[in-house]
Amino acid sequence: MADRPAGELKALVYSDDAHRRRGMIDLLGPYPSADLARVEYVECASEPAAIRLVDSGAFDLVILDGDAVPAGGMGICRQIKDEVDPCPPVLLVVGRPADAWLATWSRAEAVAPWPLDPLEFPNTAATLLRRRVASSVQI
């Protein structure tokens, strides 16, 4: 993780659709869970920017829209998992529950079907953030 003040969390939200990005962020809110620090969200609408931002090491969670065009979140997930070390956890949003199997190929840590469940989506994001925080604790 890039150097940041203790307790600060940062998530990248990628989609070509600004309304979809805003919907994901609004659903998560600044505190996806009461036991986590405030999350700062960075929105991104293009594949090159998403890859550059993830490569910066500044993010604790990456949320990718699997239906984004021209570059879908599944392909971006696969690429960052191959190229970024360590890669933050990825939450992949898919258009249909039947598309969840593709997350196995993309190596996303979690999948959420659209429309997003207002309880499950924040819980899933919080679980991934907790794991990230726990893995970054120095012993």
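## Contacts of Ile80

Ile80 touches Ile51, Val54, Val62, Cys87 and Val90, leaving aside residues up to four places away in sequence. Contact here means heavy atoms within 4.5 Å.

This is a predicted model, in which local features need pLDDT of at least 70, side-chain atom pairs count only at pLDDT 80 or more, and totals for chains, interfaces and linings use all residues. Residues are numbered from 1 along each chain as its sequence is written, and side-chain values use heavy atoms, with hydrogens and water left out.

Buried means under 20% relative accessible area, exposed means over 50%, and partly exposed lies in between (1.4 Å probe, protein chains only). Helices (H or I, at least four residues) and strands (E, at least two) are DSSP runs, numbered from the N terminus.

In soluble globular proteins, nonpolar side chains tend to be buried together.

## Salt bridges across the chain

The whole structure holds ten salt bridges. A salt bridge is a side-chain nitrogen of Lys or Arg within 4 Å of a carboxyl oxygen of Asp or Glu.

One of them joins Asp67 and Arg20, at 3.8 Å from N to O. Asp67 sits in the loop between strand 3 (61-65) and helix 3 (73-83), while Arg20 is in helix 1 (residues 18-28). The two are 47 residues apart, so this pair links distant parts of the chain. Asp67 is partly exposed, at 37% relative accessible area. Arg20 is buried, at 13%.

Asp60 and Arg132 form another salt bridge, at 4.0 Å from N to O. Asp60 lies in the loop between helix 2 (47-55) and strand 3, and Arg132 lies in helix 5 (residues 120-136), so the pair ties together parts 72 residues apart in sequence. Both residues, Asp60 and Arg132, are buried.

Asp26 and Arg22 meet at 3.1 Å, N to O. Both lie in helix 1, four residues apart, or about one turn of the helix. Arg22 is partly exposed, with a relative accessible area of 37%. A network of salt bridges links Arg21, Arg22, Asp26 and Glu43.
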